[in-house]
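Reader: Could you take me through this structure step by step? I am new to it.

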Amino acid sequence: MSTDLHDLSVAQLAAKLAAREVSSVELTQHFLARIENNAGLGAFLATDSEVSLAQARAADARLAAGERTPLLGVPLAHKDIFVTRDFPTTAGSKMLENYRSPFDATVVTRLGVAAGAGMVTLGKLNCDEFAMGSGNDNSAYRPVQNPWDTTRVPGGSSGGSAAAVAARLVPAATGTDTGGSIRQPAALTGITGIKPTYGRCSRYGMVAFASSLDQAGPMARSALDCALLLSSMAGPDPDRDSTSLDLPALDYATDLIATGAANTGTAPLKGLRIGLPAQFFGAGCSADVLKTVRGALAEFEKLGATLVDVSLPLTELSIPVYYVIAPAEASSNLSRFDGVRYGHRAAHYTDLTDMYKKSRSEGFGDEVTRRIMIGTYVLSHGYYDAYYLKAQKIRRLIAEDFQKAFTQCDIIAGPVSPTVAWKIGEKSDDPVANYLADIYTLSSSLAGLPGMSVPAGFGEGGMPVGLQLIGNYFKEAQLLGAAHQFQLATDWHLRQPTGI
Amino acid sequence: MALTSQDIARVANLARLELRPDETEHTLRQLNGFFALVEQMDAVNTEGVEPLAHPAAVLGQVALRLRDDVVTESNQREESQKSAPAVERGLFLVPKVIE
């Protein structure tokens with residue numbers, strides 16, 4: 001295997017930095033050059049070498065002073081849904097073109113060099129507009145290409161994050177997941193990503209889409225690297241986010257390394273019961289994905305896990321339930337974009353109401369407009385009970401079904417996406433087709449459960465397939481541990497797209 | 001039930017959006033396609049089920065957290081207004097609403 005700096009994991013880069021074999025400035029320059037040389041992928045919306053290098057110098061100063069913390073000096077990039085003082089924040093929308101936040105998101109602060117873990121920000125990553133989409137073709141700026149096949153989508157909405165990690169333009173990235181936006185792009189680009197339990201990471205400074213669903217998480221090439229990032233990202237933020245969980249962040253990575261070392265050569269996952277919901281393995285899933293997922297599950301059996309059948313009967317219903325609830329919350333959240341305090345304002349209008357209407361219609365893209373329309377309709381007088389309230393009732397039944405399943409198993413597994421990545425533009429004018437493809441990620445989002453995507457092999461066209469692991473509340477460590485054992489025994493997560 | 005173009009106009013107005021006539025037709029078709037999917041919800045018996053507005057309710061973290069009512073932020077008016085479309089003497093400008 002090549003030993004180029006960009007082939008190294010977060011953990012390996014941190015070790016090199018700690019040993020002073022490489023400086024953070026050198027790493028930053030290396031990755032910035034790669035980002036520039038691969039600009040055609042469209043993964044980045046903003047870079048600023050002066051800002052990044054200043055952060056790298058600050059990290060190097062902390063290293064020179066003797067500080068040795070697990071992420072110090074390692075570069076990353078943030079999904080452009082996290083607000084940043086030092087870079088523009090667009091949320092992938094024309095509405096926020098040239099917007100500068102007066103503050104950093106909590107996750108950005110916690111990972112950053114000024115007051116956090118010491119990671120250097122390389123820039124902001126492309127995403128679907130306001131995180132609404134499954135292919136990153138809803139970005140108002142440009143679509144992102146999948147590094148495995150540049151004619152295909154990288155998934156969405158954290159498509160820029162996924163493409164950048166898969167192409168090794170960054171060792172790791174942040175993402176956000178409302179209905180699958182970390183797990184699905186991770187699956188479609190062959191990387192590892194985790195959406196923690198709702199409330200585990202602060203939402204402060206995440207441009208809001210659907211507040212009862214939005215959750216931040218790391219995207220990287222391995223479970224261990226995700227664990228390293230999550231340990232710094234998570235934790236209560238009591239003064240800034242009233243829904244952040246009142247639970248301390250754990251040291252996920254040290255646990256992984258300890259159990260990994262202790263278990264090598266034995267059946268490390270003995271006693272782990274993996275539940276397979278019949279509804280995740282039906283006719284709706286393409287044959288290549290099913291075959292790959294079953295292959296990965298056979299590997300889990302070799303590691304000592306047992307597979308049990310479980311049922312999540314409302315899986316299909318999670319699609320309408322999610323696409324009522326998320327747009328309802330979005331229509332409320334996005335009402336803040338009125339062309340007054342920030343964001344786009346139309347050049348010509350007759351009065352205040354006309355200014356609102358023209359500014360919003362010019363600033364929002366088609367999918368965002370569609371979801372605001374759906375959300376406004378389901379919340380409007382006469383329809384609230386039939387749609388919004390009904391969806392919330394089924395949401396509770398979905399959450400209860402998971403708890404029933406978890407009496408029979410420890411982790412639930414299945415595919416992340418029913419197909420591998422599709423061609424750019426293939427579904428761009430068919431919103432319902434896009435919504436249906438979210439079937440395997442929506443139910444756990446509605447319940448608020450943690451879930452992750454782990455590279456499981458390759459399907460049609462040599463495209464990556466992800467295995468989804470869903471845990472019970474607060475069980476991130478268990479998910480990461482199972483994924484880590486799988487990655488110690490397999491090398492799917494180490495495969496790289498050619499030509500980059 | 002299917003939406004009509006009057007529904008689309010009413011909802012667009014509520015959402016403060018302006019749709020061009022060709023967009024109205026297109027949006028109507030797409031929303032009707034979408035609501036055909038939503039009607040699947042009718043088949044689920046939800047009698048006596050408490051609506052779940054938020055996962056916090058099942059996480060057992062339902063107590064609304066309060067913080068001390070003290071000033072924690074410094075004045076950042078200039079920075080906050082940097083991205084505003086129109087500002088004068090520290091005020092956001094909007095079209096005249098009262099004659």
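Author: Let us begin with a definition: helices (H or I, at least four residues) and strands (E, at least two) are DSSP runs, numbered from the N terminus. This is a predicted model, in which local features need pLDDT of at least 70 and side-chain atom pairs count only at pLDDT 80 or more, while totals for chains, interfaces and linings use all residues. Residues are numbered from 1 along each chain as its sequence is written, and chains are lettered from A and ligands numbered from 1 in the order in which they are written.

Reader: Thanks. Where is A:Phe130 found?

Author: A:Phe130 is in the loop between S3 and H5 of chain A. Its phi is positive, about 50°, although A:Phe130 is not a glycine.

Reader: Is A:Phe130 buried or exposed?

Author: A:Phe130 counts as buried, with 31 C-beta neighbours inside 10 Å. The term buried applies if 20 or more other C-beta atoms lie within 10 Å of a residue's own, exposed if 12 or fewer, and partly exposed in between; C-beta atoms are placed from the backbone.

Reader: What is the phi of A:Ala91?

Author: A:Ala91 has a positive phi of about 55° and is not a glycine. A:Ala91 lies in the loop between S2 and helix H4 (106-111) of chain A, and is buried, with 30 other C-beta atoms within 10 Å. Most residues other than glycine have a negative phi, and most peptide bonds are trans.

Reader: On peptide bonds, which residues does a cis one join?

Author: A cis peptide bond joins A:Gly156 and A:Ser157, with omega at about 5°. A:Ser157 sits in the loop between strand S3 (120-125) and helix H5 (159-166) of chain A.

Reader: New topic: at what angle do H2 and H3 of chain A pack?

Author: Helix H2 (residues 24-37) and helix H3 (residues 49-64) of chain A pack at about 155°, and their axes are 8 Å apart. Axes are lines fitted to C-alpha atoms, for helices over the stretch in contact, and angles run from 0 to 180 degrees between N-to-C directions. H2(A) and H3(A) are therefore roughly antiparallel to each other; angles under 35 degrees count as roughly parallel, over 145 as roughly antiparallel, 65 to 115 as roughly perpendicular and the rest as oblique.

Reader: And where is A:Gly73?

Author: A:Gly73 belongs to the loop between H3 and strand S2 (75-79) of chain A. It is buried, with 30 C-beta neighbours inside 10 Å. Between the C-alpha atoms of A:Gly73 and A:Thr121, 48 residues apart along the chain, the separation is 9.8 Å.

Reader: Which strands pair with S5(A)?

Author: S5(A) pairs in the antiparallel sense with strand S6 (residues 215-220) of chain A over two bridges, and with strand S10 (residues 451-458) of chain A, also antiparallel, over three bridges. Two strands pair if DSSP finds at least two bridges between them. A:Gly193 has A:Met219 in S6(A) as its bridge partner, while A:Lys195 has A:Gly451 in S10(A).

Reader: Are the faces of S5(A) covered or open?

Author: Both faces of strand S5 (residues 192-195) of chain A are covered: A:Thr192 and A:Ile194 are buried on one side, A:Gly193 and A:Lys195 on the other.

Reader: Lastly, how many of the residues of H16(A) are buried?

Author: Ten of the 14 residues of H16(A) are buried, so this helix is largely enclosed by the rest of the structure. Among them are A:Leu479, A:Leu480 and A:Phe486.
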